[in-house]
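Open the model in your viewer and keep the selection panel at hand. The tour goes from one stop to the next.

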Amino acid sequence: MDVWSESLLQWFWKVKRDLPWRKTKNPYAIWISEVMLQQTQVKTVIPYYLAFLERFPTVQSLAQAELEEVLEMWRGLGYYSRARHLWEGARFILDNSDGKFPEHYEGLLKIPGVGEYTAGAIASIAFGERVPAIDGNVNRVLARILAWEEPTGRVKSRRFFREVLEDCQPSDYPGDFNQALMELGATLCAPKIVKCEDCPLNRACAAHELAQELAFPVKQGQQRVTESLRLTLVLRKGDRFLINKRPAEGLLANLWEFPGEEIFQQDRKAWAEQTWPAAVAEFFENAHSVVLDTKVWYELYQRVIWDRVQDQNVWYQLEQHLKVKGPLYHVFSHRRWEMYWIVLDCSEELQPQEGMRWVSREELEKIAFPVAFQKVLIQEL
DNA sequence: AAGGCGGGGCT
DNA sequence: AGCCCAGCCTT
């Protein structure tokens with residue numbers, strides 16, 4: 001339970017819509033409403049819910065009805081297996097527990113047609129059990145709050161979302177908490193329209209921070225291609241180039257590169273404010289002012305090359321004629337580099353720096369030097 | 001992991 | 001007219 005859960009609950013209690021199934025704690029009625037609400041909008045469900053409960057007010061009455069009659073009440077709602085499951089479920093409850101409604105998540109899960117979501121909704125709303133109820137709304141809200149880069153249907157996403165909710169679901173109002181998340185997804189955090197200014201979680205929301213609310217949740221097969229700037233230093237000393245060994249993990253792990261840094265477009269500004277001096281940060285508002293700024297390249301040089309012997313020489317070269325090459329684009333499966341580079345002529349040998357070496361063009365052909373950097377090399381030969 | 005299930009809303 | 005939405009069950 002954290003401060004956000006509290007804000008969320010307060011918001012929910014203030015704005016929640018007055019819906020028929022919110023007037024009851026009867027697990028049977030909640031069950032009917034939850035099943036009807038699967039893939040079906042609130043507005044459509046209301047008249048069906050009222051008529052259904054009128055005709056079948058109890059588990060017993062539903063279990064004893066003919067399937068034909070249940071289907072008739074369902075006519076027009078769609079997904080008719082839901083109606084059949086409901087009827088089978090009622091019979092299941094009568095057969096297995098003598099008409100007593102299961103009171104816990106695990107028991108509810110055994111009812112035909114009741115999956116993780118519906119079991120969680122009934123358990124938390126009707127019985128106050130502290131279990132999540134993750135439907136499409138909740139998935140969308142969480143994907144945005146976390147700026148989650150994978151489709152919500154993945155096993156990994158589902159496991160992680162459950163962990164997150166385990167941490168913040170309050171034990172005193174678990175049902176209202178679940179409903180609050182769903183209400184948020186239905187009213188303020190809709191698929192195509194967001195009203196972040198009214199959202200109680202806006203300051204905790206990573207997608208909002210990035211101004212990328214609608215980019216989440218990512219869809220299957222629409223794996224995010226992360227756009228980034230790749231700034232590269234081509235240091236030459238005669239016929240030799242300075243190369244650097246990349247980290248053992250991540251993109252192009254353990255391969256060689258021309259030294260430089262990757263700047264993610266998505267969070268360019270936030271990154272700049274944290275990483276670079278404030279005076280430079282303003283230039284990150286626009287990618288092209290970044291790559292054309294002498295100070296940016298000088299900062300980059302100082303960050304990447306530890307040896308300070310040539311600072312003056314480098315600054316002189318940059319100030320006299322900053323010649324930025326590029327853009328040159330390179331596409332990986334999940335990332336796209338917009339590459340810019342500068343060439344610096346080094347008069348003096350740099351102190352050997354861990355992971356870096358001077359190599360000739362012939363040597364470059366024999367080592368693991370990724371295509372992206374070969375493209376740069378070719379332009380310089 | 002992917003497909004089928006039915007309507008309604010949005011473009 | 002055609003795409004998107006999305007729990008549960010089945011394969």
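Start with DNA strand C. Select the 15 residues around DNA strand C; those that come nearest are Gln-39, Gly-113, Gly-115, Thr-118 and Gly-136. Near means that a heavy atom of the residue lies within 4 Å of the molecule or strand. Of the atoms of DNA strand C that come within 4 Å of the protein, sugar and phosphate account for 65%.

A note on the model: it is predicted, so local features need pLDDT of at least 70 and side-chain atom pairs count only at pLDDT 80 or more, while totals for chains, interfaces and linings use all residues. Residues are numbered from 1 along each chain as its sequence is written, chains are lettered from A and ligands numbered from 1 in the order in which they are written, and side-chain values use heavy atoms, with hydrogens and water left out.

Now colour the surface near DNA strand C by class. There are four nonpolar, seven polar and four charged residues. Here Ala, Val, Leu, Ile, Met, Phe, Trp, Tyr, Cys and Pro count as nonpolar, Asp, Glu, Lys and Arg as charged, and the others, Gly among them, as polar.

Which helix gives the most to this surface? Helix 8 does, with three residues. Show helix 8 (116-127) together with helix 9 (136-145); each supplies at least two residues. Helices are DSSP runs of H or I, at least four residues long, numbered from the N terminus.

Next, zoom in on the phosphates of DNA strand C. An N or O atom in the side chain of Arg-140 is 3.1 Å from a phosphate oxygen. A polar backbone atom of Glu-116 is 3.2 Å from a phosphate oxygen.

Go to Gln-39. An N or O atom of its side chain is 2.9 Å from a base nitrogen of DNA strand C. A backbone N or O atom of Gln-39 lies 2.7 Å from a base nitrogen of DNA strand B.

Stay with DNA strand B. The residues around it include Gln-39, Thr-40, Gln-41, Lys-43, Arg-154 and Val-155. Sugar and phosphate make up 49% of the atoms of DNA strand B within 4 Å of the protein. Select Tyr-79: a polar side-chain atom lies 2.6 Å from a base oxygen of DNA strand B.

Technical notes:
Polar contact = N/O pair within 3.5 Å; in protein donor to acceptor, adjacent residues only side chain to side chain.
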